[in-house]
Amino acid sequence: MRRRTAVAAVMGCVVLAAASCAGPGRPAGTATADGKGVASTSASPAPSATATRTMEDVVAAAHERMTAAATGRNAPGPEGLLVAAESTGGALFVWESADGRFCHGATMEAGMTTVACFTRPGSPPVGREPRLVPLVRMMATGWNVVFGAEHETVESVTCDGVPVRVRDVGVMADGARSVHAVEFPDLTVGTVSVRVRRGSRVVTETLALETFAKKDAGSFASCGKPAS
């Protein structure tokens, strides 16, 4: 993977299907998918490192910090926080608020915690037809892409024919949307192929891994065709 340093410059701009950077007078953080809300970003002291710290310890500590950060109308609903990705450096969580808004947040061992949510209740709404719904594209434990599947079941994901591990995160939208996650070591552009089942039919859909790297796409790792 190349140009890792270039990733940091775009991280504040890359989340969900339509991302934007926080402007003057707005808190730094990641933008919501509908482009109308910007999550606050708070720094907290990094925990003391110990030689015996396990992955479970890291995720438990991250869960505690995220619970403290996601408050008010952005607090998790009855299903609580769902782990979308985890590493020894932190964790990425997704959840639904009490009014049905999709939210996500990352908390890292280095001390940074971010929270971002859709602004409208029941967002994103469930479609009538089978589809994949991009939910999160960001650098957290790696290059993390979280997506939903509606009226279909995800069977596998491949990058140029090579299988990609898919994490089945959970179910949202009153059971109408299953949530899944894939991860790459560094920013990866292009598209992956997603094999889904719709009743007795099996079809292949494409999912964009990013929406911003156009001119510099050749400088990053890639899958499939460039995202349109």
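What follows is a tour that goes from the whole chain down to single residues.

First, the ground rules. This is a predicted model, so local features need a pLDDT of at least 70 and side-chain atom pairs count only at pLDDT 80 or more, while totals for chains, interfaces and linings use all residues. Residues are numbered from 1 along each chain as its sequence is written, and side-chain values use heavy atoms, with hydrogens and water left out.

Now for confidence. pLDDT is the predictor's confidence in each residue, on a scale from 0 to 100. The protein chain averages 82, and 74% of its residues score at least 70. The stretch to watch is residues 1-45, where pLDDT stays under 50. The model does have 106 contacts beyond four places in sequence for that stretch, a contact being heavy atoms within 4.5 Å. Still, where pLDDT is low, the predicted coordinates should not be read in detail.

On to the overall build. The protein chain has 2 helices and 14 strands; these are DSSP runs, with helices being H or I over at least four residues and strands being E over at least two, numbered from the N terminus. Of the 228 residues, 46% are buried. Buried here means under 20% relative accessible area, exposed means over 50%, and partly exposed is in between, using a 1.4 Å probe and protein chains only. The chain exposes about 11000 Å², with carbon and sulfur atoms supplying 54% of that; the areas come from the Shrake-Rupley method with a 1.4 Å probe, and for residues only the protein chains shown count as cover. Among contacts between residues at least 6 apart in sequence, 55% join residues at least 24 apart.

Next, the cysteines. How many disulfides does a search of the whole structure find? The count is 2, taking a disulfide as a pair of cysteine sulfur atoms within 2.5 Å.

Cys-103 and Cys-117 are both buried.

Cys-159 and Cys-223 form another disulfide, with their sulfur atoms 1.9 Å apart. It also links distant parts of the chain, 64 residues apart, from Cys-159 in strand S8 (residues 153-159) to Cys-223 in strand S14 (residues 221-223). Here the torsion about the S-S bond is about -100 degrees, so the disulfide is left-handed. Again, Cys-159 is buried and so is Cys-223.

Rings of Phe, Tyr and Trp (its six-membered ring) pair if their centres lie within 6.5 Å; planes under 30 degrees apart are stacked, over 60 edge-to-face, and the rest tilted. That rule gives 1 aromatic pair. Phe-102 and Phe-118 have ring centres 6.5 Å apart and planes at 80 degrees, so they pair edge-to-face. Phe-102 is in strand S4 and Phe-118 in the loop between S5 and strand S6 (131-139), 16 residues apart. Phe-102 is buried at 2% relative accessible area, and Phe-118 counts as buried at 8%.

The loop between S5 and S6 also holds Pro-124. A cis peptide bond joins Ser-123 and Pro-124, with omega about -5 degrees.

Past S6, Thr-141 is found in the loop that runs to strand S7 (143-150). Is Thr-141 buried or exposed? Thr-141 is buried, with a relative accessible area of 16%. Its side chain makes a polar contact with the side chain of Glu-183 at 3.1 Å. (A polar contact is a pair of N or O atoms within 3.5 Å; within protein, one must be able to donate a hydrogen and the other to accept it, and residues adjacent in sequence count only if both atoms are side-chain atoms.) Leaving aside neighbours within four places in sequence, Thr-141 is in contact with residues including Ala-85, Leu-92 and Met-108.

Phi of Ala-173 is near 55 degrees, a positive value in a residue other than glycine. Asp-174, found in the loop between S10 and S11, has a positive phi near 55 degrees too. Ala-173 counts as buried at 19% relative accessibility, whereas Asp-174 counts as exposed at 84%. For context, most residues other than glycine have a negative phi, and most peptide bonds are trans.
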